[in-house]
Amino acid sequence: MQKSFVKNNFFLILFVLLIINSGCINDKTNVKEPSVDIKKTVAKNREYLSITNTEYVNGTDSNDGMKMNVYTYDLQSKTLNKMADLPYNSQYPLTVVSLAEDATYYSGEGKNKGDELFAYDMKTRKAKQLSSNLFAINAIIPDVSENTLMMAAVKKGERPVKVMFLDKATQKISILNEQDSDTTTWDIAYDPETQKAYAIQYSEEEQYKQMEKSNQTQKPMVPPSHTIIEIDPATNQTRAIIKLKDEQILTLSARGNQLLIATAKHINKMPIGYSLVDLKTGQRKELHLPIKASSELFLDKNGNGFYFLGEKGNGNTERGIYYYDMKTDEMETVFLQKEGFINNFVLVSERNEK
């Protein structure tokens with residue numbers, strides 16, 4: 001099963017992606033009917049995981065194409081529901097369910113080269129293209145303020161990944177620091193309690209220099225400095241939280257006045273470290289965890305534990321989504337990778353119940 005790599009190795013594969021052929025998705029996209037009563041799910045859910053699991057349509061090979069199986073996992077009842085099957089024709093297969101809207105946002109192949117943002121209506125079972133000038137989408141957060149969706153995405157003809165906000169009513173996209181051609185965004189996160197967003201950023205120029213140095217010395221590449229910024233989606237005001245020199249921040253999650261981050265000293269190299277960062281002071285506290293996870297970490301509502309995609313560790317290499325309690329060191333299995341490949345998942349916190 002092809003593993004998504006746009007997000008994980010973006011700086012290495014950007015030029016390769018430029019030659020990928022493009023097709024078209026329209027409002028008549030056929031998708032199988034969800035196997036769950038969506039209205040009933042919305043009524044009882046406040047928080048849930050949205051999961052993207054890709055597999056071959058025929059279960060064997062890519063001759064008949066691939067699909068994205070979309071699931072939700074209710075954090076209260078601990079039940080898994082399949083919501084839809086969507087066509088997998090993007091560079092990075094990404095889906096996020098918004099139960100409050102009866103919709104799934106996802107990356108799909110646009111009319112021109114590159115990935116665009118789509119919304120699949122789970123009532124009418126039709127898809128609608130929401131963007132028209134993107135090249136790649138690395139992350140989607142469906143609700144960061146009233147009627148606003150947040151993305152980490154790349155515009156056509158550009159290189160840096162930018163923080164973008166989509167007005168769902170007008171479908172107009174605004175871009176944070178749009179004229180900055182050097183800063184790229186590695187990952188984004190959102191704290192539903194404070195309604196603040198966060199982004200991992202670094203300099204493209206500094207990364208290129210580090211890559212050249214690595215090629216010349218034939219040593220593992222040292223990352224450029226990574227900075228986490230806080231963003232107010234209502235005003236677009238930002239402030240720096242923490243800056244790490246010669247250290248890559250792989251992913252982040254914000255909850256309970258703290259950030260959970262995964263870091264690495266070299267690009268694409270183990271080991272991975274984990275830390276908690278105080279959002280008020282920027283103070284960092286390193287954690288000693290048995291897990292192996294380089295992407296998708298989501299703190300729970302109380303900040304006492306987190307959900308992650310990876311391996312349990314301590315000899316258990318079965319890939320899946322797990323919950324780790326930082327107070328008890330206990331681990332709970334949420335979704336194991338049995339059929340296909342788990343590409344990503346998101347913890348969604350509904351703003352209001354219907």
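**View 1. T54 sits across from F341 of β24.** We start where β1 meets β24, with 8 bridges joining these antiparallel strands. This is a predicted model, with local features needing pLDDT of at least 70, side-chain atom pairs counting only at pLDDT 80 or more, and totals for chains, interfaces and linings using all residues. Numbering runs from 1 along each chain as its sequence is written, and side-chain values use heavy atoms, with hydrogens and water left out. Strands here are DSSP E runs of at least two residues and helices are H or I runs of at least four, numbered from the N terminus. Two strands pair if DSSP finds at least two bridges between them.

**View 2. An open sheet runs in the order β3-β2-β1-β24.** The 4 strands of this sheet pair in an antiparallel way. Who is at the edges, each with a single partner strand? That would be β3 (80-88) and β24 (341-349), so one side of each has no neighbour in the sheet. From one strand to the next, the twist averages 20° (axes are lines fitted to C-alpha atoms, for helices over the stretch in contact, with angles from 0 to 180 degrees between N-to-C directions). Between β1 and β2 there are 9 bridges, again antiparallel, and L49 finds its bridge partner in Y73 of β2. Strand β2 (residues 66-74) also pairs with β3, antiparallel over 8 bridges; there, K67 has P87 of β3 as its bridge partner.

**View 3. The largest nonpolar core counts 47 residues.** A core of this kind is a set of buried Ala, Val, Leu, Ile, Met, Phe, Trp, Tyr and Cys residues joined through side-chain atoms within 4.5 Å. Which residues have the most contacts inside it? They are L49, I51, L117, I140, M151 and I321. Zoom in on I51: leaving out residues up to four places away in sequence, it touches N69, V70, Y71, Y73, L80, T95, I321, F335, I342, N344 and F345 (a contact means heavy atoms within 4.5 Å).

**View 4. Strand β14 is mostly covered, with 6 of its 6 residues buried.** β14 spans residues 226-231. In a regular strand, side chains alternate between the two faces of the sheet. Here H226, I228 and E230 point one way, T227, I229 and I231 point the other, and all are buried. On one pairing, strand β13 (residues 196-203) joins β14 in the antiparallel sense over 5 bridges, with I200 opposite I228. On another, β14 pairs with strand β15 (residues 238-244), also antiparallel, over 6 bridges, and T227 faces K243 of β15. The hairpin of β14 and β15 has 6 residues between its strands, and there N236 takes a positive phi near 65°.

**View 5. Now for the aromatic rings, which form 8 pairs.** A pair of rings is described by the distance of the centres and the angle of the planes. Rings of Phe, Tyr and Trp (its six-membered ring) pair if their centres lie within 6.5 Å; planes under 30 degrees apart count as stacked, over 60 as edge-to-face and the rest as tilted. How are the rings of Y106 and F118 arranged? Their centres are 5.4 Å apart and their planes at 20°, so the pair is stacked. This pair links distant parts of the chain: Y106 belongs to strand β5 (residues 103-109) and F118 to strand β6 (residues 115-121), 12 residues apart. Y106 has 0% relative accessibility and so counts as buried, and F118 is buried too, at 0%.

**View 6. F306, F308, Y322 and Y324 are linked into a cluster by ring pairs.** Take F306 and Y324: with centres 5.6 Å apart and planes at 45°, this pair is tilted. F306 lies in strand β21 (residues 305-311) and Y324 in strand β22 (residues 320-325), so the pair ties together parts 18 residues apart in sequence. Are they buried or exposed? Both F306 and Y324 are buried.

**View 7. Zooming back out, the protein has 3 helices and 24 strands.** Of its 354 residues, 55% count as buried. Among contacts with a separation of 6 or more, 48% come from residues 24 or more positions apart.

How values were computed. Buried means under 20% relative accessible area, exposed over 50%, partly exposed in between (1.4 Å probe, protein chains only).
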